[in-house]
Amino acid sequence: MCGIAGYIGPKNAVDVVFDQLKRLEYRGYDSAGIAYLQGDHIEVTKRAGKLSELGKALFETPKIAQLAIAHSRWATHGGPTNENAHPHYDQFERVAIIHNGIIENYLELKQELVAKGHKFKSQTDTEVAAHVIGEEYANGVPLEEAARKASKRLRGAFSLVLMSHTEPDKIVCVRNASPLVLGLGNGENMLASDIPALLPYTREVFIMDENTIGVLTKDSVHVYDSDGRSIPIKPMHIEWDVASAERGGFEHFMLKEIYEQPQVMRQVTAGRVDDSGVVRLEGVFNENVWTEIDRVNIIACGTAYHAGLMGKHFFESTLRLPTDVYFSSEFRYGNPVLSPKSLAIFVSQSGETADTLAALRLCKERRIRTLGIVNVIGSSIARECDRTIFTQAGPEISVASTKAYTAQVMVFALLGLYIAQVQEVPGVRVEEWVSEIMRMDALAEECLTLETDIIKMAEEIKDMPLCFFLGRGADAFVAMEGALKLKEIAYIPTQEYPAGEMKHGPLALITDKVISIFGCTDSTVRDKVVSNMKEVQARAGKCLAITTSDDTLMEQAADWTIKIPKTKYDFLNALLAIVPLQLLSYHIARLNGCEIDQPRNLAKSVTVE
Ligand code: M6R
């Protein structure tokens, strides 16, 4: 959740790590800080608030250093203040550390240290870790050895990055659970919590494994296991160019990523569908495994969970394959009944979501087959699943997920069709599905042309106190994702339900100020949805309908109508409906002056449970 950056080499390290932090801004943060070497001591500058606050403090006078580490914090232990911001010193101010994750036993360690006379300046678990390292860093012990010993005393899921003024030629890092990526350069080396921060400097990266320690000098990178044994480094070449992680002329990453969806739809199918309409998912279990699977459990959080609901809809309605969807954060505590023939699917954009990772590990302990649907290559979930299908959506920077959702749902459709092929599911016309899927990019482009009309609607409804998102069938699942977008970026309270549930209670909330957005893309239940709309309007509520282009009656029924192109399948129509919903949330948030790419209280990659 926190952003981590580090650099050692001939460039000005202060500028480099500050730039890297800027590239990690999307992760969400509330304070930031930097430590850099100045002569025989470490200088630390840190500020609560936006990165610009740190920039103001840092660049009042030029700073030059060949080694620096930097951090943007998403508060866990202690509020977002200057004191709690990272880096933190050890008790002798010889070592400065930054940290991502949580040290679970920090209270007992702190008590021990206080009893020994240690004084703390912050409320953080990080400062406790710094002091533990300080205790181990004595009598000529190298920094990496101190870090290794200290890590054994720390419990939790964390990554640490350390520097010391007594060893001014190295950065040491520890990856326990939270991600750390090393960037390998020529006469310079660096690290970050996420690949986009490294891209302007190098495309050669090495993703550290859990429980390993890295030592970076300007000319070398070494990685060791927790017993100090050297581990060979096999760098990965990253193809994404810098532009794919930049705004490219759009006001916000979110808008850019909404607009990338047609391209993402092409990328998802690239190489997975051939001209004769056959789906090819290389490497995703042998064919005989698929015929054995008796049920699917989909496990994910947030938007990925909503994509999972769409997966369930496809698997059950098209394949008749029993499927459940779980919130990752609840999965472990429900002591789930798992058939040995079942398949567990983990959906995650980042591949690092702590709850999803924990659920994956539980399934592995129980020897259940696991499959990841993941965007970030090399991420923990991608690496730990038995098999992974990559969503191929490119880097998603905005905290509010858009293109990752589209890609995840498309992958579910492709996977479902692949299973239909392998299991020879009667009645599923894979070729016809494939030909509709191959039109989705063009249809998503058409949805984007609705933006001007959507802006007008956003202007009319932007002050609503509450918004309902309603639908039936797949539209009900898309409604959940539409609602999440509005609440997370525009801070407007939402209620999301299958439309038929309204009369069982939620209707009591309808007033003349409340707007209800109905997904009406499924013609087989449209009449029933219109009846639900009438029930809302009869109580003075206003209704916006998203329907398909062939619908000639909706304008008479709804207060506002958005028409999207129609495909042969309700599932795909519902998926297209997410595009206007994303645009509507985006423009309401923009008109209301909200911070779109970094919504309050939220972070992009949720690496704490
Ligand atoms: O990286 P993941 O897909 O595992 O993340 C899951 C959720 O944290 C994420 O989808 C979150 O709900 C987004 N902010 C939604 O826009």
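Two bridges join β5 to strand β6 (residues 95–103) in this predicted model, and the two strands run antiparallel. Across this pairing, H88 stands opposite I97 in β6. From here, the briefing moves through the sheet, some backbone details, the aromatic pairs and the ligand.

**The sheet**

- Strands β5 and β6 belong to an open sheet of seven strands, whose order is β5-β6-β7-β8-β12-β13-β14 with antiparallel pairing.
- At the edges of this sheet are β5 (88–89) and β14 (230–231), each of which pairs on one side only.

**Backbone details**

- In general, most peptide bonds are trans, and most residues other than glycine have a negative phi.
- The bond between H86 and P87 is a cis peptide bond, with omega at about 0°.
- You can find P87 in the loop between β4 and β5.
- F285 has a phi near 60°, which is a positive value in a residue other than glycine.
- The place to look for F285 is the loop between α7 (261–269) and α8 (287–292).

**Aromatic pairs**

- The model has a count of eleven aromatic pairs.
- One of them is F18 with F59: the ring centres are 5.1 Å apart and the planes stand at 90°, so this pair is edge-to-face.
- F18 sits in helix α1 (residues 13–23) and F59 in the loop between α2 (51–58) and β4 (67–73), so to speak a link between distant parts of the chain, 41 residues apart.

**The ligand and its surroundings**

- Around the ligand there are 15 residues, and the closest are S348, Q349, S350, T353 and E488.
- By class, this shell has six nonpolar, seven polar and two charged residues.
- An N or O atom in the side chain of T353 is 2.4 Å from an oxygen atom of the ligand.
- The backbone takes part too: a backbone N or O atom of Q349 lies 2.6 Å from an oxygen atom of the ligand, and a polar backbone atom of S401 is 2.8 Å from an oxygen atom of the ligand.
- On its own the ligand has 410 Å² of accessible area, and the protein covers 90% of it.
- Helices α9 (302–319) and α17 (474–490) are the elements that give two or more residues to the shell.
- The ligand lies between domain 2 (247–438) and domain 3 (444–596), because both domains give residues to the shell around it.

Conventions:
Residues are numbered from 1 along each chain as its sequence is written. This is a predicted model: local features need pLDDT of at least 70, side-chain atom pairs count only at pLDDT 80 or more; totals for chains, interfaces and linings use all residues. Side-chain values use heavy atoms; hydrogens and water are left out. A residue is near a molecule or strand if one of its heavy atoms lies within 4 Å of it. A polar contact is a pair of N or O atoms within 3.5 Å; within protein, one must be able to donate a hydrogen and the other to accept it, and residues adjacent in sequence count only if both atoms are side-chain atoms. Accessible areas come from the Shrake-Rupley method with a 1.4 Å probe; for residues, only the protein chains shown count as cover. Helices (H or I, at least four residues) and strands (E, at least two) are DSSP runs, numbered from the N terminus. Ala, Val, Leu, Ile, Met, Phe, Trp, Tyr, Cys and Pro count as nonpolar, Asp, Glu, Lys and Arg as charged, and the others, Gly among them, as polar. Domain bounds come from an automatic or database domain assignment. Two strands pair if DSSP finds at least two bridges between them. Rings of Phe, Tyr and Trp (its six-membered ring) pair if their centres lie within 6.5 Å; planes under 30 degrees apart count as stacked, over 60 as edge-to-face and the rest as tilted.
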